[in-house]
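Student: I have a chain open on my screen and want to learn how to read it. Can we take it one feature at a time?

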Amino acid sequence: MSHEAHVLEQYDDTPFTAWFDHFAAGHIHLGYWPPGREDQSFAEAATALTALLIERLGVFAGQRVLDVGCGVLAGPAIQLAAATGCEVDGVTLEPNAKRLVPERAAAAGVADNVRVHVGNASALPFPDDSFDAAWLVEMLIHVPDKKPVLREVHRVLRPGARIVIADYPAGERFSPGLRWVTDNYFVPASAAELERMLAEAGFTAVTWEDHNDTVAVPSFQRMLDLALARPEETKAVVGEDTYELFADLVPDGSAAHRDRALSYGVFTARTP
Ligand SMILES: C[S@@+](CC[C@H](N)C(=O)[O-])C[C@H]1O[C@@H](n2cnc3c(N)ncnc32)[C@H](O)[C@@H]1O
């Protein structure tokens, strides 16, 4: 099975996706717990992380945004369209997105602003200079060869366009054999490598913020707390077998971020 087929199997309307639908309001990404907002639920924190990325993207009504790896539920794309009035084209591997994203976008009142395309980000179905901005939210971690994807995104962006990437850079104590990494089909690059790849793809003004302690560490702790505190609710959402797998594997993710084998970063850059 190809790497993409494994990634697809993980996300296409699966128990894993059901967990994020139920506990993270349709965002298949982590949550943001800045100091002073420790009381937020997982769903509030996931929405807060998307809000942080929206702020970094800085787009407005009428602009066109590309969401690379938008996910089968497209929670971030829908929040972005609702918050700014921009037009969002999402690209994702899951065929079920064709059914689910229009339903979710309609329920949020942004049916006309959000479109989804099923396909691989290494061959984007858009002409050059199509978009004012792009983001990749917890997507690049799954891509073994990141450079062609970054070159494709650069190709379809207009001059002066912003790109925002939320991802899991390899930390100081990264080891490729970590079960959390291999079981999730993660292919982490260090923050320095990601910055270099962005520059090589033609992006300038590359910056990154380390959010390991405000995003990854608290998110994994909350996942564990939820699984332990609300086992029946979690089992009802994901099923008994997935619950057992989840309870066995999430401590590895938690440890990976506490030990800085992995980090969490928000990268920004722009086209010249
Ligand atoms: C962790 S989920 C994030 C989904 C969404 N960005 C969100 O934050 O809710 C990772 C997503 O990346 C997508 N993805 C991974 N590799 C991809 C590729 N080569 N082309 C398109 N999408 C890809 C997967 O299909 C999956 O939907």
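Student: In which loop does aspartate 129 lie?

Tutor: Aspartate 129 lies in the loop between β3 and β4. Helices (H or I, at least four residues) and strands (E, at least two) are DSSP runs, numbered from the N terminus. Two ground rules come next. Residues are numbered from 1 along each chain as its sequence is written. This is a predicted model: local features need pLDDT of at least 70, side-chain atom pairs count only at pLDDT 80 or more, and totals for chains, interfaces and linings use all residues.

Student: Is aspartate 129 buried or exposed?

Tutor: Count C-beta atoms, placed from the backbone. A residue is buried if 20 or more others lie within 10 Å of its own, exposed if 12 or fewer, and partly exposed in between. Aspartate 129 has 12 other C-beta atoms within 10 Å, so it is exposed.

Student: How many helices and strands does the chain have?

Tutor: The chain has 11 helices and 7 strands. Its radius of gyration is 17 Å, close to the 19 Å that the globule rule gives for 272 residues, so the chain is as compact as a globular protein of that length. The radius is taken over C-alpha atoms, and the rule is 2.2 Å times the number of residues to the power 0.38. Of the 272 residues, 48% count as buried.

Student: Which residues of α4 are buried?

Tutor: The buried ones are Gly75, Pro76, Ala77, Ile78, Gln79, Leu80 and Ala81. Helix α4 (residues 75–84) is mostly covered, with 7 of its 10 residues buried. Those buried residues pack against several elements, including α3 (42–57), β1 (64–68) and β2 (87–92). Just after α4, glycine 85 has a positive phi of about 80°.

Student: What is tryptophan 135 in contact with?

Tutor: Two residues are in contact if their C-beta atoms, placed from the backbone, lie within 7 Å. Set aside neighbours within four places in sequence. Tryptophan 135 is then in contact with Leu53, Leu57, Asp67, Ile163, Val164 and Ile165. Tryptophan 135 is found in strand β4. It counts as buried, because it has 30 C-beta neighbours inside 10 Å.

Student: Where is serine 263?

Tutor: Serine 263 is in the loop between α11 (240–258) and β7 (265–270). Serine 263 is buried, with 25 other C-beta atoms within 10 Å. Beyond four places in sequence, its contacts are Tyr168, Pro169, Gly171, Ala191, Asp210 and Asn212.

Student: Which residues come nearest to the ligand?

Tutor: A residue is near a molecule if its C-beta atom, placed from the backbone, lies within 6 Å of it. Of the 24 residues around the ligand, Ile28, Gly69, Gly71, Leu93 and Ala121 come nearest. The elements giving two or more residues to this shell are α1 (3–11), α4 and β2. α1 gives the most, with 3 residues.
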